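Here's a quick briefing to read alongside the model. Take a look at the structure first, then work through the points below.

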Amino acid sequence: MSEIKVSIKNLYKIFGKHPEFMVEKVKAGMSKTDLLEKHGHVLGLYDVNIDIKKKHIQVIMGLSGSGKSTLIRHINRLIEPTAGSIIVDNEDILSMSQTELRDFRRSKASMVFQKFGLLPHRKVIENVSYGLLIQGINKPEALNRSNQWIESVGLSGFENHYPAQLSGGMQQRVGLARALATDADILLMDEAFSALDPLIRSDMQDVLLSLQEKLHKTIIFITHDLDEALKLGDDIAILRDGAVIQSGTAEKIILHPIDDYVTDFIKDINKARVLKARSVMGNDDSITGPEIDETVIIEDALQIVSKSGSNGAIIVKNGQKQGTVSLTDMIMAIARAEKNTDSEAVYR
Amino acid sequence: MGRTDLRDFKKGIDESFRNFTREYGEAIENFFDPLLYFLVWLEKLFLNTPWPIILFVIATLVYLGSRSIKLTLGAILAFLTIGYLDMWDDTMATLAIISVATIVCISIGIPLGILMARSQRTQMIITPILDVMQTIPSFVYLIPVVMLLGIGKVPGLLAVCIYAIPPIVRLTNLGIRLVDKDVMEASEAFGANYRQKLIGVQIPLALPNIFAGVNQTIMMALSMVVIASMIGVKGLGVPVLRAISNQYLALGIMNGLAIVVLAILFDRVSQQFGKRLQAHTESSK
């Protein structure tokens, strides 16, 4: 179990005139609709508990209005919570003074925005160095450091352009470089790639993943796109109406959707790319075939098995046999489930 | 209110203001002395400098501001005509008071606008005051100003400033409030403090609006020239006033047109300059 970097505990957010009085009512079980109709308050977040592991990418996903953008803004306190606590590195950021909070924002958590939030009157290089200049680092040093980040997001040659002269994808590279330049170990990404078209989005996801391999930041990534969540997320939390309805690894959510809402959510995704061989493993000695590692995704496993012409595969971990899997089982696992009970039979 | 009551009421106000004037008039006059010295110095500077030098300075400023040869040539031609028609001295005097009024308005108006953008409450207090300043007939506030400071340059300057300051305050406030919320949030998220947000983000992004405010302030100051001349300010307003009372048509038109020329020059130059400030918004490479 890796170390917890950010721990969100019993977080509530209620928008309205007297949120502090309403919290008790909500805790006592008042529904979102009642709160709005009877008291004119909007429930933003409801008892959110998430432990975010160090050096992981934690995806928080939900449809619009689910409170995901509200949630991420609590982590650097752009929005003040109504109740609860947020512990970062054993320190409750809600007890920080304004000065401490500014230091936290300057050096510990940087943010990438859906609409980029670049300074239109400053050149790319000046935008990237923005965080460093805010920290009080002198300009030559800041520009020097920024140059490296511009290179690492693939924007060399555009240092002296203004944001308005760049395409959306390039602007978000600037946004990413600006966030990385401060050397903060937490990266908050609020629908960072949602405004980009699909090809560029996929590009940016790859950029992020390859940077993460080197940098090992703790990334909190907000998205409404399940494919994006599955591609990036080490862990995923699904948010609905301000409450976390399920959290865990991508595999766990796909194999055991907690309710119809989640089932509905995941029904259109390509399971073969997410599920790993171990999740459909059985123990049938009649199966012979090539040996595959337990972490191989089913899409690749199917190819290996099909090419070998056998009726299944032997699943191994560190060279030790763990079990077997039949071709049919694998196909059944990725086939769209008709009913929950049927899928239960396949997923052990 | 009964007739006697009303009379006593008005008398009371007049009396107490007169007392206030007697008590503090001199102190207030002394307070404005530096402004008077500056205004007199600038006027003398404009009047005593040989005209070719002034013309050269004006042409250079126009070119630096607008980067337009056409406008620069137009300015030179306009000032030559003004000189030819013997309005040079009055034009210089007007230029001096407009410059000082603009400096005063900017140095008070921009901070006031910033303050106004900072909180809803200050905005609520200042807005109606600005409304009054813009709509009240100038003669009405000339009365207390003259009672307090007598006739002369400073009361004239004050009258001009009262009328001309609202646009710069309003547009500074508006410009700051219109700065993109997303950009402000980003700045906040990177830990910028109030000063860093103001100087690094809000003011630069509000600059086009602030500049429109400066432009409007200059225009309104120019339109006060005639009224200011009624309480002893030298300049193009004086001959206009003389033309009104003596029905000198040509004199009135000539000096009136000189004011118009100044206004057009100020306007075009400051607008071109404001446009160049927005270079970064162009999306073409």
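**Domains, chains and a helix crossing**

Chain A splits into domain 1 (52–80 + 90–266) and domain 2 (271–346), with bounds that come from an automatic or database domain assignment. Keep in mind that this is a predicted model: local features need pLDDT of at least 70, side-chain atom pairs count only at pLDDT 80 or more, and totals for chains, interfaces and linings use all residues. Residues are numbered from 1 along each chain as its sequence is written, while chains are lettered from A and ligands numbered from 1 in the order in which they are written.

**Between the domains of chain A**
- Taken over C-alpha atoms, the centres of domain 1 and domain 2 of chain A are 35 Å apart.
- In chain A, 6 residues of domain 1 touch 6 residues of domain 2 (contact means C-beta atoms, placed from the backbone, within 7 Å).
- On the domain 1 side, helix 11 (residues 250–255) of chain A gives the most, with 4 residues (helices are DSSP runs of H or I, at least four residues, numbered from the N terminus).

**Between the chains**
- Chain B brings 19 residues to the contact and chain A brings 20.
- Helix 8 (181–189) and helix 9 (194–223) of chain B each supply at least two residues of chain B's side.
- Helix 8 of chain B has the largest share of that side, 6 residues.

**Inside chain B**
- Helix 1 (residues 3–48) and helix 6 (residues 138–149) of chain B have axes that come within 8 Å and cross at roughly 65° (axes are lines fitted to C-alpha atoms, for helices over the stretch in contact, and angles run from 0 to 180 degrees between N-to-C directions).
- Among the residues making this contact are B:F17 and B:I28 of helix 1 of chain B, plus B:M147 and B:L148 of helix 6 of chain B.

How values were computed: Contact = placed C-beta atoms within 7 Å.
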